[in-house]
Amino acid sequence: MTTNQYIKPVTAKTEKNLTIGGCDTVDLAHKYGTPLYVIDEATLRAICSDYKKAFERYSYTKMLYASKALCTSAISKILTSEGFGFDTVSAGEIYTILNSGISLKNVLFNGNNKSEQELDFAIKNDIGRISVDNFLEVKLISKIAGKYNKNIDVLLRITPGIECHTHEYIKTGQLDSKFGFDLTQLDKVITDIITNHNNIKIRGLHAHIGSQIFEPECFRDEIDILIQEISCIKEKFNIKLDEINIGGGLGVKYTEKDLPPSVNEIADVIINSLEKYITKYNVEPPTLYIEPGRSLISTAGVTLYTIGSMKQVPNMTKYITVDGGMADNPRPGMYRAEYCADIANKMNLKEKETVTVAGRFCESGDILIKDISLPKPETGDILCIYNTGAYNYSMASNYNRVEKPAMVLVNNAQSDIIINRETLNDIVSHDVIPDRLK
Ligand code: LLP
């Protein structure tokens with residue numbers, strides 16, 4: 001088993017209450033307030049070593065963490081200490097990394113509409129690689145590289161045309177996609193770069209076929225296409241591309257229904273496919289980049305809420321409402337994502353009740369969990385929702401002008417704030433009242 005196959009952080013224990021990272025979660029809720037994101041450092045480090053061990057056999061592997069899953073300064077520090085680089089998609093993510101004192105040498109800048117300012121910022125600060133997504137970007141990169149008199153290493157983002165059975169909104173590798181070049185455009189962009197832009201050096205190809213993937217075979221098909229393309233490019237243009245980036249995508253276990261493969265199973269399919277297609281298409285073993293996001297951080301994170309009001313609809317649903325909801329976790333509303341939860345202060349109670357966990361935001365769709373069996377919830381109880389490390393804080397909003405929660409890192413019975421709770425002052429800090437309204 002690898003960590004992505006657990007619902008709860010690896011350190012989760014039931015003592016009197018639920019403890020994570022040796023910290024009593026009810027104490028954490030009282031000390032830091034709720035809603036509270038909690039990240040378990042041991043779980044994060046465990047999955048990092050799962051990945052490193054699983055890919056050891058292919059020594060040309062480089063690991064990037066897809067920052068979009070959860071980008072904070074402290075998390076960036078941990079990933080760097082584990083030897084991971086970063087896949088980034090905005091100046092904000094790049095700035096977070098730089099501002100944590102990390103060089104951009106092992107950072108890839110990716111995205112389908114990077115602005116000129118963002119590209120300028122990345123290039124000025126010596127970004128390691130840019131994943132070129134479209135023709136406009138080729139021009140922009142060349143212009144900015146000229147301005148700084150630099151040569152830029154790039155990957156070309158392609159859409160390999162692979163369908164993964166994942167939620168429709170998170171498929172990105174299929175042909176009708178806004179991301180990257182489709183295979184028929186590849187010759188044109190390569191010709192453009194090699195004839196007109198000698199400050200751009202194409203190092204390899206990049207693809208990402210989807211997220212929350214449970215079928216390792218998708219990666220086999222993706223690698224087949226990437227290696228085949230590298231071989232065609234060598235023949236047609238006589239240029240040797242020595243890098244492939246296969247994106248992220250490995251799934252996690254949100255509920256008992258989810259059965260994601262282990263990191264080892266995925267690594268085996270990836271490495272075996274690489275070896276097979278390297279031989280078949282007669283190319284030299286390329287550097288393999290992988291850039292997981294969700295599977296690295298999701299299981300490490302939980303969110304603590306305080307239960308407030310309750311409502312029993314006669315003969316129908318019993319709602320329990322928490323002090324957070326769609327603004328700190330938009331995933332149930334956006335993707336019908338499902339989660340598991342416990343009442344942190346009632347871990348040993350046997351008597352259960354089926355309830356629906358509603359959020360506090362003004363929208364009837366703000367439901368976090370439908371029909372979950374919990375030990376008789378009461379106002380003031382602390383609800384812990386598991387597996388919220390990925391794409392919760394990073395997609396959080398200030399809907400209803402509610403302050404974003406704090407985040408704490410727990411490890412060995414110690415807890416440290418890594419994101420301060422927003423204040424009401426933060427909420428109005430960007431507001432401006434024009435003179436004529438004063
Ligand atoms: N690389 C690229 C180019 C990506 O677009 C993504 C995710 C990743 C890596 C990381 O994929 P992961 O290992 O996390 O599956 N907000 C959605 C997920 C969107 C994923 C977008 N791209 C959610 O909450 O499920």
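1. Basis of the values. Because the model is predicted, local features need pLDDT of at least 70 and side-chain atom pairs count only at pLDDT 80 or more, while totals for chains, interfaces and linings use all residues. Residues are numbered from 1 along each chain as its sequence is written, and side-chain values use heavy atoms, with hydrogens and water left out.

2. The nonpolar cores. A nonpolar core here is a set of buried Ala, Val, Leu, Ile, Met, Phe, Trp, Tyr and Cys residues joined through side-chain atoms within 4.5 Å, where buried means under 20% relative accessible area, exposed over 50% and partly exposed in between, with a 1.4 Å probe and protein chains only. The largest such core holds 88 residues, and Tyr51, Phe55 and Tyr65 have the most contacts inside it. Helix 8, at residues 217-237, gives the most to this core, with nine residues; helices (H or I, at least four residues) and strands (E, at least two) are DSSP runs, numbered from the N terminus. A second, separate core has 20 residues, among them Leu18, Ile20, Ala344 and Ile382. As background, nonpolar side chains in soluble globular proteins tend to be buried together.

3. Phe55 in detail. Residues up to four places away in sequence are not counted here, and with that limit Phe55 touches Thr61, Met63, Ala267, Ile270, Ile271, Leu288 and Ile290, a contact being heavy atoms within 4.5 Å.

4. The ligand is surrounded by 18 residues, of which the closest are Ser211, Glu291, Arg294, Arg331 and Tyr391; a residue is counted as near when one of its heavy atoms lies within 4 Å. By class, this shell has six nonpolar, six polar and six charged residues, where Ala, Val, Leu, Ile, Met, Phe, Trp, Tyr, Cys and Pro count as nonpolar, Asp, Glu, Lys and Arg as charged, and the others, Gly among them, as polar.

5. An oxygen atom of the ligand is 2.6 Å from an N or O atom in the side chain of Arg331. A nitrogen atom of the ligand lies 2.9 Å from an N or O atom in the side chain of Tyr335, and for the side chain of Asp87 the distance from a ligand nitrogen to an N or O atom is 3.5 Å. The protein covers 92% of the 580 Å² of accessible area that the ligand has on its own, with areas taken from the Shrake-Rupley method with a 1.4 Å probe and, for residues, only the protein chains shown counting as cover.

6. Ile39. This residue belongs to strand 4, residues 36-40, and Ile39 counts as buried because its relative accessibility is 2%. Apart from neighbours within four places in sequence, Ile39 is in contact with residues including Leu70, Ile75, Ile297, Met407 and Val410.

7. Gly251. In the loop between strand 12 (243-245) and helix 9 (263-280) sits Gly251, which counts as buried at 0% relative accessibility. Beyond its neighbours within four places in sequence, Gly251 is in contact with Asn4, Gln212, Ile213, Phe214, Pro260 and Ser295. Gly251 and Leu296 are 45 residues apart in sequence, and their C-alpha atoms are 9.9 Å apart in space.

8. Thr96. Helix 4, residues 91-99, contains Thr96, which is counted as buried at 17% relative accessibility. Setting aside neighbours within four places in sequence, Thr96 is in contact with Cys71, Thr72, Ser73 and Ser76.

9. Backbone geometry. Most residues other than glycine have a negative phi, and most peptide bonds are trans, so a reader may wish to look at the following places. Thr34 and Pro35 are joined by a cis peptide bond with omega about -10°, and Pro35 lies in the loop between helix 1 (25-32) and strand 4. Asp371, in strand 18 at residues 367-375, has a positive phi of about 45° although it is not a glycine, and Asp371 is exposed, with a relative accessible area of 54%. Arg401, in the loop between strand 19 (382-386) and strand 20 (406-411), likewise has a positive phi, near 55°, and Arg401 counts as partly exposed at 46% relative accessibility.

Note on methods:
Polar contact = N/O pair within 3.5 Å; in protein donor to acceptor, adjacent residues only side chain to side chain.
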